[in-house]
Structures are given as structure tokens and as C-alpha cells.
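Thanks for passing this one along; here are my notes, point by point. Please have the model open as you read.

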Amino acid sequence: MRQAGRSLPEYRAIRGSGSILEVIKHPELAAEITLQPVRRYGVDAAILYSDIMVPIFAIGFGVDIAPGIGPVIENPFRSEADLSRLRNINPEQDIPYVLDTIKILSQELKVPLIGFAGAPFTVASYIIEGGPSRNYAKTKSLLHTNPALWNKLLSSLTDISIGFISSQIQAGAQAIQIFDSWAGTLAPSTYHDFVQPFSKKIFSFIKTQGVPSIHFGVGTGELLPLMGQAGPDVMGIDWRIPLSEARNRIGIPCALQGNLDPAICLSDPKIVKNEVENILLSAPKNGHIFNLGHGVLPETNPDILKGIVETVHIFSQKINKDKQ
Ligand code: CP3
């Protein structure tokens with residue numbers, strides 16, 4: 001999950017200034033930032049220090065990531081003419097630094113590395129709105145008023161995501177998470193008609209690569225069956241819905257990832273432990289990846305996160321023992 005500023009002091013000490021899009025151009029540095037939380041917390045997987053906007057940035061669409069705000073687009077996507085500003089990425093030329101970072105990590109890591117990409121809808125929402133949005137009015141307006149252009153835009157973004165994912169897998173990423181963070185703004189029928197076909201194409205592609213896939217969005221309680229049908233191996237769930245209920249709604253078999261409310265991590269250790277244990281107890285006994293329901297809040301105390309990892313490990317050791 002995006003860690004909203006990576007709250008660690010060791011991160012702030014080495015990150016330097018400038019946008020994350022510039023920082024990741026230094027593979028040794030990006031690899032070190034990826035390794036820091038693994039070292040400090042002892043988590044069971046690493047997530048690459050990169051961003052969903054990297055390919056759009058790399059093909060020169062004109063995006064920056066402003067601290068505390070998120071992606072900001074210089075000239076947002078407005079009409080048919082803007083399609084020519086999108087082209088497929090050529091990973092070796094456009095993002096060699098991402099591939100080099102993954103190669104370093106493949107040597108260094110003792111846990112799996114999760115690569116990732118933005119789902120076409122969420123990336124489209126940024127390039128149409130020009131930045132973060134509350135109601136996604138421009139995006140929804142384009143999709144309903146000009147479905148032909150919408151389809152061309154999403155096809156193009158689907159190809160870009162597939163190129164981005166494919167190169168990460170070839171470089172050594174062992175699982176892929178697809179972030180459709182803002183899909184929860186859509187009615188199920190809109191998601192079904194205008195978004196699901198493109199996300200489905202991405203999960204079908206990942207399947208051909210033989211690595212597990214995870215699908216995540218925020219506030220997606222009503223979309224879970226449709227997002228599950230897109231074909232991931234794991235569904236990421238935010239904190240608004242209990243895992244047992246999420247399991248029922250998805251219906252088809254897939255594992256779950258989630259779902260502690262990141263804001264709980266700002267309270268005291270006892271409360272946090274209790275919440276974590278409640279989630280572990282309500283989770284399916286086979287196929288659960290413990291995670292927060294969204295990114296870590298920047299003001300989170302690292303010791304709280306360390307405590308969570310310990311609680312999860314003690315619990316899973318106990319379950320494994322019971323199974324034997
Ligand atoms: O913690 C990590 O380093 C994991 C890697 C990661 C980042 N972005 C690094 C990052 C991941 C998985 C992402 C995905 C991402 N980026 C998503 C999907 C996941 C989610 O959180 O819903 C989205 C929506 C984005 C777009 C984006 N990038 C936003 C909204 C922001 C936050 C701006 C802010 O400062 O609050 C970013 C910046 C960003 N990407 C940061 C990190 C660690 C924080 C700023 C920085 O270090 O430069």
C-alpha cells in the first residue's frame with residue numbers, strides 16, 4: 001500500500017527533496033527505501049518504491065507528484081487530440097531505473113517483492129481531473145457523454161499498464177497489485193460497463209505470467225463482486241466492511257487482503273492489538289494477507305506498526321500449529 005510519505009525517520013534521512021518521480025530515478029536509493037520497512041518491521045513482503053503515475057510520467061504526459069496533494073497534471077486529458085499524447089511504454093528506454101531497482105531488490109530481499117500498476121480507471125481519473133478529485137465529475141461526464149473516446153483512452157491506459165507490469169515481472173517482481181483506488185466512486189452498472197472489461201484484460205494478462213495478482217480499491221463494498229469477477233487471485237478490502245462480509249459478497253473463490261483502518265494505528269497499543277486480533281479472527285482461515293485498509297498515515301508511530309507485525313506473526317504461528 002502507498003505509505004503516504006513513508007513515515008520512517010530513516011526514509012526522511014535519505015530521501016532528499018524533489019518529487020518521488022525524480023527520487024526513483026536512482027535505483028540504489030529506491031531499492032534502499034523499499035528495504036527499510038522490511039528491515040524495521042519484519043513484514044512478509046516488500047512493495048516497490050514507485051508510483052502508479054510512473055509510466056504516464058515516463059512517456060512525457062506532464063505529471064508531477066506534489067507532496068501532501070498527489071499527482072498533478074499540467075495539461076489534463078480533454079479531447080480526442082490528447083490521445084496522441086499517450087503511447088505504449090518501452091520499458092528498457094522509458095523506465096530502465098525501475099527495472100534496475102527491481103534487479104537490485106531481487107538480490108537483496110529474502111521476502112517476495114510486490115510490483116504494481118494503476119488500474120486504467122484510476123489513472124484516467126487523474127489525467128482527466130488534473131489532480132485528486134472529490135466527485136470525479138469530469139471523468140464521469142467524459143465516460144457517459146463520449147463512450148467512444150472513453151474506450152480509446154482506457155484501451156490505451158490498459159496497454160500502458162500491461163507494459164509496465166510485464167517489465168516488472170521480467171525484472172523479478174513476484175506478485176502484482178493493481179490499484180483501482182478510486183473505483184469506489186462509481187455505481188456498479190457504470191463500473192461494469194465502462195471499467196471492468198479493461199481491468200479484466202489486465203488480470204488475464206497477469207495470469208499468463210504465472211504470478212499472483214491482487215486487486216484493491218477504496219470504498220468498494222458495493223463493487224466487490226464485480227471487482228472479483230475481473231479475475232484477481234486476491235481482493236484487497238478497505239476497513240469499511242468486515243472481511244467475513246466481503247467474503248460473502250465476492251462469492252467466487254479468492255483470497256482476501258486487509259483491512260485495519262489506518263487511523264486506528266494512531267491510538268494506543270492495546271486498542272490496536274485488539275482490533276488486529278478481531279480482524280484475524282474474522283478472516284478466512286485459508287487465504288488471508290493481513291494489511292491496513294489503505295496507506296499508512298504519515299503521523300503513525302513506527303513502534304505501533306512493529307507491534308502489529310508481531311501480533312500477526314504470533315497469530316499465524318498459532319494457526320499453523322493448530323493445523324498440524
Ligand atoms: O509506500 C510505498 O512506497 C509503496 C509504493 C507506492 C507509492 N505509491 C509511493 C508513494 C504505491 C503502491 C503507490 C501507489 C499509488 N500512488 C496509489 C494507489 C494506492 C493508494 O494509496 O490508493 C495512488 C492513488 C497513488 C497516487 C499518489 N502518489 C498519491 C495520492 C500520493 C500522495 C501524496 C501525498 O504526499 O500525500 C502519492 C505520492 C507517493 N507515492 C508517496 C509515496 C511513498 C508519498 C510522497 C513521497 O514520498 O514523495
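1. Helix α14 (residues 269-282) and helix α15 (residues 302-323) have axes that come within 10 Å and cross at roughly 35°. Axes here are lines fitted to C-alpha atoms, for helices over the stretch in contact, with angles running from 0 to 180 degrees between N-to-C directions. Helices (H or I, at least four residues) and strands (E, at least two) are DSSP runs numbered from the N terminus. The crossing of α14 and α15 is right-handed, a term for the near helix being turned clockwise from the far one by less than a right angle.

2. On the α14 side, P269, V272, K273, V276, E277, L280 and L281 make the contact, and α15 brings I304, I308, T311, V312 and F315; contact means heavy atoms within 4.5 Å. By class, this contact has nine nonpolar, one polar and two charged residues. Ala, Val, Leu, Ile, Met, Phe, Trp, Tyr, Cys and Pro count as nonpolar, Asp, Glu, Lys and Arg as charged, and the others, Gly among them, as polar.

3. A word on the source: this is a predicted model, where local features need pLDDT of at least 70 and side-chain atom pairs count only at pLDDT 80 or more, while totals for chains, interfaces and linings use all residues. Residues are numbered from 1 along each chain as its sequence is written, and side-chain values use heavy atoms, leaving out hydrogens and water.

4. P120, F121, V123, A124, I127 and I128 of α7 meet W150, L153, L154, L157 and T158 of α9. That contact divides into ten nonpolar, one polar and no charged residues.

5. Which residues come nearest to the ligand? Of the 26 around it, they are Y11, R15, G68, S181 and H294, where "around" means a heavy atom within 4 Å. A polar side-chain atom of R15 lies 2.6 Å from a ligand oxygen atom, and a backbone N or O atom of G68 lies 2.7 Å from an oxygen atom of the ligand. By class, the shell has 15 nonpolar, seven polar and four charged residues.

6. Two backbone spots deserve a look. The peptide bond from G258 to N259 is cis, with omega near -10°, and N259 lies in strand β8 (residues 255-260). Y136, in the loop between α7 and α8 (137-145), has a positive phi near 55°.

Conventions:
A polar contact is a pair of N or O atoms within 3.5 Å; within protein, one must be able to donate a hydrogen and the other to accept it, and residues adjacent in sequence count only if both atoms are side-chain atoms.
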